[in-house]
Amino acid sequence: MGRRVAERGTEQEPDEDGAQPCVTGAALGDARRRIPRTDAVLKDPRLVAAVGRLGPGTVKTAVRQAQEQARHGTVPPEAVADTAVALLPRTAGGLRPVINATGVLLHTNLGRAPLSAAARLAVLDAAGPTDVELDLVTGVRARRGRSVLQALRERVPSADAAHVVNNGAAALVLAATALATGREIVVSRGELVEIGDGFRLPDLLVSTGARLREVGTTNRTRVEDYAAAIGPETAFVLKVHTSNFRITGFTRAASVRDLAGLGVPVVADIGSGLLAPHPLLPEEPDAAGQLRSGAALVTASGDKLLGGPQCGLILGDAGLVGTLARHPLARALRVDKLTLAALHATLTGPETPTASALNADPRTLTRRAERLACQLRGPGLDVHAVPSAATVGGGGAPGVTLPSAALSLPEAWASALRTGPVPVVGRIESGRCLLDLRAVPEEDDALLAEAVRTAARARR
Ligand SMILES: *Cc1c(COP(=O)(O)O)cnc(C)c1O
């Protein structure tokens, strides 16, 4: 491998990124002999410290990559240690933090909701031994997650009880398994949705051993359709929020309030985890509202509009929640202490980044974009501020656009922005790369500007 690379190097071809070797011919051969050995590089105090922080494998990989660059002639042999240090990841986590400049607030590929500073601190604190299942006063075992369940019920007083599982899909699976295995779930044909990445709600429900009793049509379902289908086999009526598409035109759907009078429990999958109504999202159902309208159970995700960690919320009737929480499957779907800590901080802490992005004043976004464009503009920097339209994304508020502002850059910069030291993910629109500011916290503006400068240098 080393040999092949060396041969390629002597041909003085540009390497994969198009960078020209900085030394050539005989000089390159001489430089190659001066490349320090791995064990010598690993004695650099910065790399010794990095082994303690990141583990030996990661550091060795960075050293090998740096040696490889020296072999190509793209860095001088004396700079191998510096290059290895620069190549080290920030943490051993295997995931890289990125700036979400897509204008999609809850971007599935970027991990949906970013945690608040309060939630991040809570996660760090809970990482060691913690009182997750112990009452420190009495010294006896205590209910796991009791503080977070209390916080949930304080935020949604219309819920008699609450339970937390791994994600929204797990909440539905648990409800279907505990209440409907071998029985029927009555659901509208207009609500048999695909969540994303090929996951289809009907398949998920059927996998529990429940039978789906589909009623109505794609565009129109009446209360009478449900009423006619309900019988001794019915476990519950399921009302699914069509969170990632909209049907318009000749449509009709029964509300939870209509369905609550049918004599069987109504389970409402609201998707987004909005606990109370939001003025900007009038079409988005909220947990408190659905329970007040008569839903027996509400299921939702924790990492959508609630702005917390990935988890699934189950709220509602104490008897039903208890049945779910005591079912053997609940143990397989339970969340870890880090999730419990992050969720508690999300519920009780300051405004989440998701809420800040949602509530951001478009005029402030425009001012930020103009200020950034002004700082960045200069020779070779084709940057200007433009109006933009952001979306909620992540399976929430379909069709809602949020007025926003963006930096407009040449389309070709997108790749350099993604692969720079601080990765920035924008979106391509009409042949330009837009960096939408709505999902970028204002305190990241300086980082964003630096990332654009670095990308511009890389393109030259
Ligand atoms: C997002 C969503 C789900 C799935 O939730 P996850 O947390 O992604 O598992 C289920 N139902 C609806 C309506 C959703 O919007």
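Which atom of Gly168 lies 2.8 Å from an oxygen atom of the ligand? In this predicted model, the atom in question is a backbone N or O atom of Gly168. A backbone N or O atom of Ala169 likewise lies 2.8 Å from an oxygen atom of the ligand. With Asp269, the pairing involves the side chain: one of its N or O atoms is 2.5 Å from a nitrogen atom of the ligand. The ligand taken alone exposes 390 Å², and 93% of that area is buried by the protein.

Helix α7 spans residues 117–126 and helix α16 spans residues 337–348. Their axes come within 8 Å and cross at roughly 150 degrees. Angles over 145 degrees count as roughly antiparallel, and α7 and α16 are therefore roughly antiparallel to each other. The crossing in which α7 passes α16 is right-handed.

Conventions: Residues numbered from 1 in each chain as written. Predicted model: local features only at pLDDT ≥ 70, side-chain atom pairs only at ≥ 80, totals over all residues. Heavy atoms only, no water. Polar contact = N/O pair within 3.5 Å; in protein donor to acceptor, adjacent residues only side chain to side chain. Areas by Shrake-Rupley, 256 points an atom, 1.4 Å probe, with all protein chains shown as cover. Axes fitted to C-alpha atoms, helices over the stretch in contact; angles between N-to-C directions. Helix = DSSP H or I, 4+ residues; strand = E, 2+ residues; numbered from the N terminus. Parallel < 35°, antiparallel > 145°, perpendicular 65-115°, else oblique. Left-handed = near helix turned anticlockwise from the far one by under 90°.
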